[in-house]
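This report goes through one protein model for a reader who is new to structures. Please look at the sequence and the model before reading on.

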Amino acid sequence: QQGESSRLKYLIITRGARGASLYDLLAGELHDAPAPNVVAVNPTGSGDVFGSAFLFASLSGKSAREALDEAVRWASWSATLRTLEEMVTAPAPAGE
């Protein structure tokens, strides 16, 4: 028998240049996070950056909505980089 803690809580859909949406299945709420305006040069790996940033923010105590916003910001930033080397040397995206 599985309890409430084993139920899926969130469904996240990434939408590229349009940001991402988070469906809170327990609360029945939808949260949209628009992407910042950037010049994307290489979106390869942006989904991985999104997932990592969302998990990191969530595990750091941020709400799901805050984690969504942060993940979209980091994924958008990563799409502006041409190479992996730029990722380790470019300034991090500005927070709010």
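The model is predicted: local features need pLDDT of at least 70 and side-chain atom pairs count only at pLDDT 80 or more, while totals for chains, interfaces and linings use all residues. Residues are numbered from 1 along each chain as its sequence is written, and side-chain values use heavy atoms, with hydrogens and water left out.

**Overall layout**

The protein chain holds 3 helices and 3 strands. Helices (H or I, at least four residues) and strands (E, at least two) are DSSP runs, numbered from the N terminus. Read from that end, the order is β-β-β-α-α-α. The C-alpha trace spans about 50 × 25 × 20 Å along its principal axes.

Of the 96 residues in the protein chain, 29% are buried. Buried means under 20% relative accessible area, exposed means over 50%, and partly exposed lies in between (1.4 Å probe, protein chains only). The protein chain exposes about 6,600 Å², and carbon and sulfur atoms supply 55% of this area. Accessible areas come from the Shrake-Rupley method with a 1.4 Å probe; for residues, only the protein chains shown count as cover.

**Salt bridges**

Side chains of opposite charge can pair when their charged atoms come close. A salt bridge is counted when a side-chain nitrogen of Lys or Arg is within 4 Å of a carboxyl oxygen of Asp or Glu. By this rule the count comes to 3 salt bridges.

| Pair | N to O distance |
|---|---|
| Arg 15 and Asp 32 | 3.8 Å |
| Glu 70 and Lys 62 | 3.0 Å |
| Glu 70 and Arg 73 | 4.0 Å |

What does the pair of Arg 15 and Asp 32 tie together? Arg 15 lies in the loop between β1 and β2 (20-24) and Asp 32 in strand β3 (residues 29-33), so the pair ties together parts that are 17 residues apart in sequence. Arg 15 is partly exposed at 26% relative accessible area, and Asp 32 is partly exposed at 43%.

Lys 62, Glu 70 and Arg 73 are linked in a network of salt bridges. Glu 70 and Arg 73 both lie in helix α2, 3 residues apart, which is about one turn of the helix. Glu 70 is buried at 13% relative accessible area, and Arg 73 is buried at 17%. Lys 62, with 39%, counts as partly exposed.

Contact here means heavy atoms within 4.5 Å. Ser 78 lies in helix α2 (residues 64-79) and is buried, with a relative accessible area of 3%. Leaving out residues up to four places away in sequence, Ser 78 touches Asn 42, Ser 46, Val 49 and Met 87.

Ser 46 is placed in helix α1 (residues 46-59) and is buried at 12%. From C-alpha to C-alpha, Ser 46 and Ser 78 are 5.9 Å apart in space, yet 32 residues apart in sequence.

Ser 76 also lies in helix α2, buried at 8%. Setting aside neighbours within four places in sequence, Ser 76 is in contact with Ala 35, Pro 36 and Val 38.

**A surface patch**

Leu 8, Leu 11, Ile 13, Tyr 23, Leu 25 and Leu 30 make a nonpolar surface patch of about 520 Å². Patches are made of residues with over 30% relative accessible area and no salt bridge; like charges are joined within 9 Å, and nonpolar side chains (Val, Leu, Ile, Met, Phe, Trp, Tyr) within 5 Å. Ile 13 lies in strand β1 (residues 10-14) and is partly exposed at 38% relative accessibility.
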